[in-house]
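Subject: Structure handover

Hello,

Here is the structure for your files. My notes on it follow below.

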Amino acid sequence: MIKLTSQRSALAHGTPATLTKGQYDVPLPTHAMLLTPGKENVYREQGAEHFIQLCKLCEILGEILHIAAELRRPFDAKVPRELRRLECDLDQWEADLPPYLTRPLEEGKGPGACNLHFCFLSTKLMLARTALKAC
């Protein structure tokens with residue numbers, strides 16, 4: 001028979017988000033970090049761009065999850081302001097996408113374009129859900 005320790009049972013009930021900026025020290029990747037010199041092509045450049053954009057999106061998601069994890073605490077008046085800032089960050093992220101990523105469901109958009117779009121929509125949904133819960 002296996003006995004669960006309090007640490008294991010805490011994991012079963014969920015743990016706080018670990019995507020917050022204070023919990024990692026790795027810089028955001030750049031094209032220079034991801035591409036091998038002399039082997040660049042459009043397919044690899046688009047794949048690198050998708051990965052960079054996904055990393056930027058994860059930073060925004062980490063801040064959303066941090067707020068969502070704290071919603072059980074008493075209401076804080078600065079939460080709606082923080083959610084509006086994150087909504088602006090998400091809008092800016094979308095506006096900064098390269099033109100070929102604005103419609104990812106078309107053919108030939110490179111590796112990971114559909115996944116990136118799905119992650120964006122999921123992040124947007126999480127932000128809306130957190131805002132609804134905060135009200």
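Of the 135 residues of the protein, 26% count as buried, where buried means under 20% relative accessible area, exposed over 50% and partly exposed in between, with a 1.4 Å probe and protein chains only. This is a predicted model, in which local features need pLDDT of at least 70 and side-chain atom pairs count only at pLDDT 80 or more, while totals for chains, interfaces and linings use all residues. Residues are numbered from 1 along each chain as its sequence is written, and side-chain values use heavy atoms, with hydrogens and water left out.

Overall make-up

The protein has five helices and zero strands, so the order of elements from the N terminus is α-α-α-α-α. Helices (H or I, at least four residues) and strands (E, at least two) are DSSP runs, numbered from the N terminus. Among contacts with a separation of 6 or more, 69% are between residues 24 or more positions apart; contact means heavy atoms within 4.5 Å. The protein exposes about 9,800 Å², and carbon and sulfur atoms supply 59% of that area. Accessible areas come from the Shrake-Rupley method with a 1.4 Å probe, and for residues only the protein chains shown count as cover.

The core

A nonpolar core here is a set of buried Ala, Val, Leu, Ile, Met, Phe, Trp, Tyr and Cys residues joined through side-chain atoms within 4.5 Å. The largest one has 17 residues, of which I60, I64, L83, L86, L90, W93 and L127 touch the most other members. Helix 3, helix 4 and helix 5 (113-134) each supply at least two residues of this core. Helix 5 gives the largest share, six residues.

L90 is found in helix 4 and counts as buried because its relative accessibility is 2%. Not counting residues up to four places away in sequence, L90 touches L57, I60, F120, T123, K124 and L127. L86, with neighbours within four places in sequence left aside, is in contact with I60, E63, I64, I67 and L127.

How many aromatic pairs does a search of the whole structure find? The search finds one. W93 and F120 form this pair, which is stacked, at 5.4 Å centre to centre and 25 degrees between the planes. W93 lies in helix 4 and F120 in helix 5, so the pair ties together parts that are 27 residues apart in sequence. Both W93 and F120 are buried. For the pairing rule, rings of Phe, Tyr and Trp (its six-membered ring) pair if their centres lie within 6.5 Å; planes under 30 degrees apart count as stacked, over 60 as edge-to-face and the rest as tilted.

Salt bridges

Side chains of opposite charge can pair when their charged atoms come close. A salt bridge is taken as a side-chain nitrogen of Lys or Arg within 4 Å of a carboxyl oxygen of Asp or Glu. By this rule the count is three.

- R85 with E63: the closest N and O atoms are 2.4 Å apart. R85 lies in helix 4 (residues 78-95) and E63 in helix 3 (residues 42-69), so this pair ties together parts that are 22 residues apart in sequence.
- E82 with R85: the closest N and O atoms are 2.4 Å apart. About one helical turn separates E82 and R85, because they are three residues apart in helix 4.
- R85 with D89: the closest N and O atoms are 2.7 Å apart. R85 and D89 are four residues apart in helix 4, so about one helical turn separates them.

Salt bridges that share partners join E63, E82, R85 and D89 into one network. R85 counts as partly exposed at 33% relative accessibility, as does E82 at 29%. D89 is partly exposed too, with a relative accessible area of 28%.

Surface

M33, L34 and F51 form a nonpolar patch on the surface, with about 280 Å² of accessible area together. Patches are made of residues with over 30% relative accessible area and no salt bridge; like charges are joined within 9 Å, and nonpolar side chains (Val, Leu, Ile, Met, Phe, Trp, Tyr) within 5 Å. L34 lies in helix 2 (residues 31-34) and counts as partly exposed because its relative accessibility is 35%.

Regards
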